[in-house]
Protein chains: 2
Amino acid sequence: MSEGAKNGAFPVAASEPGADAREVTRQRVVEAAADLLAREGRDAVTTRAVAAAAGTQPPAIYRLFGDKDGLLEAVLEHGHATFLATKHRDTHPEDPVEDLRTGWDLAVEFGLANPELYALMYSDPQRGTASAAFQAGMQILLGRIRRLAAGGWLRVDEKLAAALIHATARGAVLTWLSLPEDQRDPALLTTLRESMVAAVTHEQPVVQDAGLADAARTLQALLPGQTTLSGAEQHLLSEWLDRLAADG
Amino acid sequence: MSEGAKNGAFPVAASEPGADAREVTRQRVVEAAADLLAREGRDAVTTRAVAAAAGTQPPAIYRLFGDKDGLLEAVLEHGHATFLATKHRDTHPEDPVEDLRTGWDLAVEFGLANPELYALMYSDPQRGTASAAFQAGMQILLGRIRRLAAGGWLRVDEKLAAALIHATARGAVLTWLSLPEDQRDPALLTTLRESMVAAVTHEQPVVQDAGLADAARTLQALLPGQTTLSGAEQHLLSEWLDRLAADG
DNA sequence: AGCGTTACGATAACATCGATATCATCAATG
DNA sequence: CATTGATGATATCGATGTTATCGTAACGCT
């Protein structure tokens, strides 16, 4: 889409095969950069390394993308497009609230599957909003919100809803990725998602009333100050309370 | 604190004034870097620019911080410490839920007041978790959560609670900063905060007037329906709960 | 007091990176 | 066929992180 504009800036000499060749190498460079980004991280994506991996030279990157940021944006768009291509989009969901859930899950799943790409999109507060991939995702999101509003489900502004969905997903992905792998609790994602649904829609959250687990947690927190039980007893009790809290 | 360890690695020639001078220039460099970061952005923080602004030379940075990342981490810690110094911390809040709110607001406020610093801490998923400033903030957060648990308010794991609070704050700040100024709706922040509170806490404490004895009694009452512990385990647990309830 | 050690100021240098200049080559057009 | 413009290829420039090197001043030790 921005392709046409770029080529329109200067006359195109080659008619068809030329533009095709250009598009082919462009694709090759983008994929090489994406590969390098996913495999060796952001710092490994240098103009020289990308050029070498794509079998071309550094200046070609500037002829194709104008800038290194241009290359990164192309990589972003490519990653986003290929991810969306693997997912089918339901344009007429019967339950817009459930559609909101799957959309949120999709966005989060994209972040978890492409951490470096996601960091590139959403880490810098300034960048990203202008990127094509960001705008595409935002359009899909706005469509979902519009359907929610049409069904009378929306509890807040459409803009505020978009911001809330975006913020929860962003926080979910970045926090999940920053946790060591053995501390990643899937409940973080589902809880954040349901919080988001409750904040955005009129659907009442399924509130589980206080139970055994909560009581166990409370006692656990109060345990350190206690003097009734011996150290060994307290240790074992602590383990049991953990189990009770976990299975609640 | 890490200062002593560093100097302990090699014999210290200068007794006191030497170490003082070192600390003084260190402080000057950190402040120059922080100033540069806040005023001209992350890219403006180069070793040469920082050295020039601090009235010293690039190699001094490496003698003081070992690395540019070391400098940035020092800047982080400095920013975080000075921010926390302006706020008073209530170690014995009467309402732990309200304390949770103010803590969340504080974290978000820090992010909004120091966007570049915050991006440095929390934008990159990898970094940050090891930083001293991050650990300090996490300790404060865990204290708040512990008090919630002790009051019987906690609806989820302490670890999950920490992750939820962190994720919502992170999403709130980064999303807020990425919005154009005329589209920033304060309701985004309050709604996210209340969502977080609803996800983390009960509307009413599980244990009223939370004392150890009350918590023990509550758990005792809920025990019969449980299937996690074996009969023998439950029997012994029951005895201990009796003792805890009696001695409270 | 004199000596060795250590840290620090200052300059230069090296490797790498983003970005550009330059030139030869090659395909397509009139 | 001559011209034009894009592309492969190499060299280069400015900037940046980092290190080496040197001279000097301060400190502890004999």
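Predicted model: local features only at pLDDT ≥ 70, side-chain atom pairs only at ≥ 80, totals over all residues.
I began with residues 46-65 of chain A, where the chain is 80% helix and 0% strand and the end C-alpha atoms lie 14 Å apart; helices (H or I, at least four residues) and strands (E, at least two) are DSSP runs, numbered from the N terminus.

Residues are numbered from 1 along each chain as its sequence is written, chains are lettered from A and ligands numbered from 1 in the order in which they are written, and side-chain values use heavy atoms, with hydrogens and water left out.

Next I looked up the domains of chain A: domain 1 (2-79), domain 2 (87-200) and domain 3 (212-247), with bounds from an automatic or database assignment.

Then I turned to where domain 1 meets domain 2 in chain A. I found ten residues of domain 1 in contact with ten of domain 2 (heavy atoms within 4.5 Å). About 950 Å² is buried between them, 71% of it from carbon and sulfur atoms (accessible area, 1.4 Å probe, that two parts lose on being put together, summed over both). On the domain 1 side, A:L37, A:R42 and A:L76 lose the most area, together 55% of what that side buries.

I also checked salt bridges between these two domains, and the count is zero (side-chain nitrogen of Lys or Arg within 4 Å of a carboxyl oxygen of Asp or Glu). Helix 5 (residues 68-86) of chain A gives the largest share of the domain 1 side, seven residues.
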